[in-house]
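Here is a short briefing to read alongside the model. Take a moment with the view below, and then we can walk through a residue and a cavity together.

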Amino acid sequence: GDMELLYIDTNPQSLGEPDEVNETIAHELSHLLMFSQDPREAAFVDEGVADYAGYLATEQFPWSHIHAFEAQPDVSLTQFNDGLASYGASFLYVLYLNEQFGTDLIGDVMRNPKAGIEGVNATLKTRGHSQTFDSIYADHKVANFISDRTFADGRFGYERLRLNPATTATYRTYPTQGSGGVSAYGTDYIEFKQATADLQLTFT
């Protein structure tokens, strides 16, 4: 009969690098569990949870994924593209959900039959939270930039992580103007330096 099986080949890893081996096993085991619980889950949730499983197993952040995201913060969270920055965006969102709402939320998202944004929203509603995927995403993007948990009930930072995402543009003289685009559920960070408190922004 059919059975669930996880096969791990250590090549090209070395058994002298246990954290990398353990991270890979935890990551792939998470995919196996996700497939059994929620086989139609969106890729960004599946990969974010898998990266988070590796983090739990080793207590080591997936730095290559995080640094890739820092260099490319405008990568779409929801349109997963298999690049390292996509892995970083997915991991950071799942990490943020865990730190703000507890690990049980992640398990409930895995068990929810709805996928992606709908699954997160349904899980939040079932658990009695007023926040939505979009409102959490907005706070999460601020947290990625300022990484400061000392105000706003700790919504704008991580417990053990401080990020340094790249800025798209920096302005120092005013008035000024600029143009550009950003991916859906991606972020462009624009800095306004030497600005006064009455600075006004207009979007067209």
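Where is the place of Leu163? In this predicted model, Leu163 sits in the loop that runs between helix H7 (133-146) and strand E1 (169-171). A whole-structure search also turns up one cavity of 30 Å³ or more, and the points below take the two topics in turn.

**Leu163 and its surroundings**

- Leu163 has a relative accessible area of 7%, so it counts as buried, the cut-off being under 20%.
- Setting aside neighbours within four places in sequence, Leu163 is in contact with Ile66, Glu70, Leu92, Asn144, Ser147 and Tyr158.
- From Leu163 to Phe44 the separation is 119 residues in sequence, and their C-alpha atoms are 20 Å apart in space.

**The largest cavity**

- The largest cavity holds about 70 Å³ of space.

**Helices around the cavity**

- At least two lining residues come from each of helix H2 (43-58), helix H4 (84-101) and helix H5 (103-111).
- Which helix gives the most to the lining of the largest cavity? That is H4, with four residues.

Key
Residues numbered from 1 in each chain as written. Predicted model: local features only at pLDDT ≥ 70, side-chain atom pairs only at ≥ 80, totals over all residues. Heavy atoms only, no water. Buried < 20%, exposed > 50% of the residue type's maximum accessible area, 1.4 Å probe, protein only. Contact = heavy atoms within 4.5 Å. 1 Å grid on protein atoms, 1.4 Å probe; cavity = no way out; pocket = protein on both sides within 12 Å on 5 of 7 lines; lining within 4 Å. Points joined across faces, edges and corners; volume = space filled by probe spheres on them.
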